[in-house]
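Here's a quick briefing to read with the model open in your viewer.

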Amino acid sequence: GFMDRYGTPSKMMSESFLYKLHSNGYKEGVVADPNRFREVYRTKYGKVRIYKILGVSKESKEWVANKKNKICDVEGGWYC
C-alpha cells in the first residue's frame with residue numbers, strides 16, 4: 001500500500017506531487033511549493049481544496065488556448 005496502518009506514507013507517496021497538495025498544511029513537514037502553488041479555496045472541513053498554479057509561461061498559456069491541441073471525445077463535446 002501507499003500508507004501503513006498509522007497513516008504514514010511510503011517514501012514514494014510522501015514525495016509525490018498529489019500527496020504534497022493533499023496534505024499541505026495538515027501533516028507536519030508537508031509543504032506544497034509556495035513559489036508554484038497558492039491555495040485559493042478550501043471547504044469548511046478541507047475536503048475540497050483548489051490551488052492556483054503560479055508562474056505559468058506565456059508559451060504554455062498559448063498552447064492551451066490553441067484549439068488544435070484539444071482532443072475531445074466527440075466533435076464539439078465537453079469532454080476534452
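Let's start with Asn-24, which sits in the loop between α2 (17–23) and β1 (37–42). Keep in mind that this is a predicted model. Asn-24 has a relative accessibility of 17%, so it counts as buried, the cut-off being under 20%.

**Around Asn-24**
- The side chain of Asn-24 makes a polar contact of 3.4 Å with the side chain of Tyr-51.
- Setting aside neighbours within four places in sequence, Asn-24 touches Tyr-19, Val-30, Val-31, Ala-32, Arg-49 and Tyr-51.

**Salt bridges**
- The count comes to five salt bridges.
- Glu-39 pairs with Arg-49, with the closest N and O atoms 2.8 Å apart. Glu-39 is in strand β1 and Arg-49 in strand β2, so this pair ties together parts that are ten residues apart in sequence.
- Glu-39, Arg-42 and Arg-49 belong to one network, joined by salt bridges that share partners.
- Arg-49 is buried at 16% relative accessibility, whereas Glu-39 is partly exposed at 25%.
- Lys-11 and Glu-15 form a salt bridge through their side chains (2.6 Å, N to O). Here Lys-11 is exposed, at 60% relative accessibility, and Glu-15 is partly exposed, at 48%.
- Arg-36 and Asp-33 also form a salt bridge, at 3.4 Å from N to O. Arg-36 is exposed with a relative accessible area of 52%, while Asp-33 is partly exposed with 30%.

**A nonpolar patch on the surface**
- Val-40, Tyr-41, Val-48 and Ile-50 make up this patch, and together they have about 350 Å² of accessible area.
- Ile-50 belongs to strand β2 (residues 49–53). Its relative accessible area is 42%, which makes Ile-50 partly exposed.

**The chain as a whole**
- You'll find three helices and two strands in the protein chain, and from the N terminus on they run α-α-β-β-α.
- The radius of gyration is 17 Å, well over the 12 Å that the globule rule gives for 80 residues, so the protein chain is more spread out than a compact globule.
- Along its principal axes, the C-alpha trace spans about 50 × 30 × 30 Å.
- Buried residues account for 15% of the 80 residues.
- Take the contacts between residues at least 6 apart in sequence: 9% of them join residues at least 24 apart.
- The protein chain exposes about 7400 Å², with carbon and sulfur atoms supplying 57% of that area.

Conventions
Residues are numbered from 1 along each chain as its sequence is written. This is a predicted model: local features need pLDDT of at least 70, side-chain atom pairs count only at pLDDT 80 or more; totals for chains, interfaces and linings use all residues. Side-chain values use heavy atoms; hydrogens and water are left out. Patches are made of residues with over 30% relative accessible area and no salt bridge: like charges are joined within 9 Å, nonpolar side chains (Val, Leu, Ile, Met, Phe, Trp, Tyr) within 5 Å. Accessible areas come from the Shrake-Rupley method with a 1.4 Å probe; for residues, only the protein chains shown count as cover. A salt bridge is a side-chain nitrogen of Lys or Arg within 4 Å of a carboxyl oxygen of Asp or Glu. Helices (H or I, at least four residues) and strands (E, at least two) are DSSP runs, numbered from the N terminus. Buried means under 20% relative accessible area, exposed over 50%, partly exposed in between (1.4 Å probe, protein chains only). A polar contact is a pair of N or O atoms within 3.5 Å; within protein, one must be able to donate a hydrogen and the other to accept it, and residues adjacent in sequence count only if both atoms are side-chain atoms. Contact means heavy atoms within 4.5 Å. The radius of gyration is taken over C-alpha atoms; the globule rule is 2.2 Å times the number of residues to the power 0.38.
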